[in-house]
Amino acid sequence: MRQNQNRWMAIAGWIAAIIGLCVLIVTLAGAIPSNYWWIRVWDFPRLIILTVGGVALIMLVLLKFRWRWSAGAVLLAALLYQAGHIYPYTWLASAEAGVVEVSDEERSAHCFTALSLNVLQDNRDYRRTIDLIEAERPDLLLLMEIDQAWLDAMEPVLVDYRHRFEAPLSNKYGMVFATRLRATDGRILNLAEAETPSVHATLHTPAGQSFRLAALHPRPPHPGQDTQERDAEIAIAAMMTRDTEMPALSIGDFNDVGWSETAQLFRRTGRYVDPRIGRGFYATFPASWPAFRWPLDHVFFTEELALLHLSIGAGVGSDHLPVHAEICLVPGEGRELNNPEEAEADDAEDIEEVM
């Protein structure tokens with residue numbers, strides 16, 4: 001009996017050691033400053049790595065075998081590295097964007113709602129997305145992975161919008177942006193890669209205040225697709241909004257997580273705040289994995305804007321969940337409430353390297 005018990009403990013120890021080794025390898029890979037897709041993909045599942053590695057660490061500590069403490073210490077260091085990346089996106093951290101309080105009159109003059117959704121091009125359940133838009137009636141609507149069939153299906157709800165920017169494509173990077181706010185200087189651009197559109201425009205609140213909008217959906221890292229173009233598009237968008245010297249809002253499926261080096265550089269370069277910091281992941285992908293989603297769909301804004309509401313909606317048949325936000329252009333209150341991260345000394349050099 002004891003011999004069988006020892007054998008099973010040895011097997012469990014080997015399993016824990018193998019899992020711990022895998023966690024260590026992907027942690028080290030993710031720490032390498034490289035654009036290769038097989039390295040950058042490890043930016044995404046940090047919560048999964050942390051959870052699996054935590055189970056392995058408990059097994060290593062509880063099982064009695066040689067070198068368990070040394071192995072456990074190395075694994076703990078890897079887990080602390082993973083935890084350091086996602087810590088800001090927990091309630092334990094300080095919020096970077098405060099919540100503004102406005103009267104009904106101020107809300108109607110200075111605030112606007114936004115809805116961002118990657119619809120999943122192959123999802124043909126148009127009705128659920130239409131119902132979502134009709135229920136929310138957002139002032140800003142961004143739909144991604146839009147092909148011509150999706151654009152035709154959305155016409156009954158898009159017709160209500162004052163301005164529309166449409167780039168339907170069959171390659172899963174089509175986009176439509178629609179707004180009830182007045183829009184000027186609006187353009188659809190391919191910033192870093194052909195047939196990968198983004199929308200850039202100046203929008204005006206009902207009170208007449210202006211701000212810049214950037215709506216992005218760059219390509220993700222995958223076999224055959226490294227991250228040079230994705231990182232360049234994100235960097236260019238940050239510099240474009242910064243150079244206007246106007247309040248700015250950036251939304252979309254960045255195919256990147258908020259804790260990545262690219263996203264952090266984007267925030268500092270564009271002088272953005274991330275309303276999820278200090279509040280939670282607000283994870284949107286994959287919709288079918290509730291316990292292990294990560295935040296691919298983003299809402300960033302400069303300190304002149306202030307958050308009134310942010311939430312993730314229920315699924316509508318896509319592999320992404322919709323993002324809902326209500327934001328107010330109130331420069332005085334925004335500067336008091338928001339705490340954007342300061343630029344680092346080598347940010348300009350990093351941007352130049354990305355470009």
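A: L62 is found in helix α3. The model is a predicted one, and the description below is of that model.

L62 has a relative accessibility of 62%, and therefore counts as exposed, the cut-off being over 50%. It belongs to a nonpolar patch on the surface, together with I58, V61 and W69. Helix α3, which covers residues 46-62, gives the patch its largest share, three residues.

The surface also has a charged patch. E105, E106, E333 and E336 form a negative patch. Two helices, α5 (104-110) and α10 (331-337), supply at least two of its residues each. E333 sits in helix α10. With a relative accessible area of 33%, E333 is partly exposed, whereas L62 is exposed.

In β12 (residues 323-329), seven of the seven residues are buried, so the strand is largely enclosed by the rest of the structure. In a regular strand, side chains alternate between the two faces of the sheet. Here V323, A325, I327 and L329 point one way, while H324, E326 and C328 point the other way, and all of them are buried.

Strand β12 has neighbours to pair with. Strand β1 (residues 111-118) runs antiparallel to β12 and is joined to it by six bridges. Within that pairing, T113 has E326 as its bridge partner in β12. Strand β11 (residues 305-312) also pairs with β12 in the antiparallel sense, over seven bridges. There A306 has C328 as its bridge partner in β12.

Strand β2 (residues 140-144) pairs with β4 in the antiparallel sense over five bridges, and L143 has V176 as its bridge partner in β4. Strand β3 (residues 163-167) pairs with β4 as well, antiparallel and over five bridges; A167 stands opposite M175.

Side chains of opposite charge can pair when their charged atoms come close. The whole structure holds 20 salt bridges. One of them joins R230 and D256, with the closest N and O atoms 3.6 Å apart. This pair links distant parts of the chain: R230 is in helix α8 (residues 228-243), D256 is in the loop between β8 (248-253) and α9 (261-270), and they are 26 residues apart. R230 and D256 are both buried.

Another salt bridge, at 3.2 Å from N to O, brings together R242 and D243. R242 is partly exposed, at 27% relative accessibility, and D243 is exposed, at 54%.

A further salt bridge, 3.6 Å from N to O, is made by the side chains of E341 and R268. E341 lies in the loop between α10 and α11 (347-354) and R268 in helix α9, so this pair ties together parts 73 residues apart in sequence. E341 is partly exposed, with a relative accessible area of 29%, while R268 counts as buried at 9%. Through salt bridges that share partners, E96, R267, R268 and E341 are joined into one network.

How values were computed: Residues are numbered from 1 along each chain as its sequence is written. This is a predicted model: local features need pLDDT of at least 70, side-chain atom pairs count only at pLDDT 80 or more; totals for chains, interfaces and linings use all residues. Side-chain values use heavy atoms; hydrogens and water are left out. Patches are made of residues with over 30% relative accessible area and no salt bridge: like charges are joined within 9 Å, nonpolar side chains (Val, Leu, Ile, Met, Phe, Trp, Tyr) within 5 Å. Accessible areas come from the Shrake-Rupley method with a 1.4 Å probe; for residues, only the protein chains shown count as cover. A salt bridge is a side-chain nitrogen of Lys or Arg within 4 Å of a carboxyl oxygen of Asp or Glu. Lys and Arg count as positive and Asp and Glu as negative; His and the chain ends are not counted. The place of a charge is taken as NZ of Lys, CZ of Arg, CG of Asp or CD of Glu. Helices (H or I, at least four residues) and strands (E, at least two) are DSSP runs, numbered from the N terminus. Buried means under 20% relative accessible area, exposed over 50%, partly exposed in between (1.4 Å probe, protein chains only). Two strands pair if DSSP finds at least two bridges between them.
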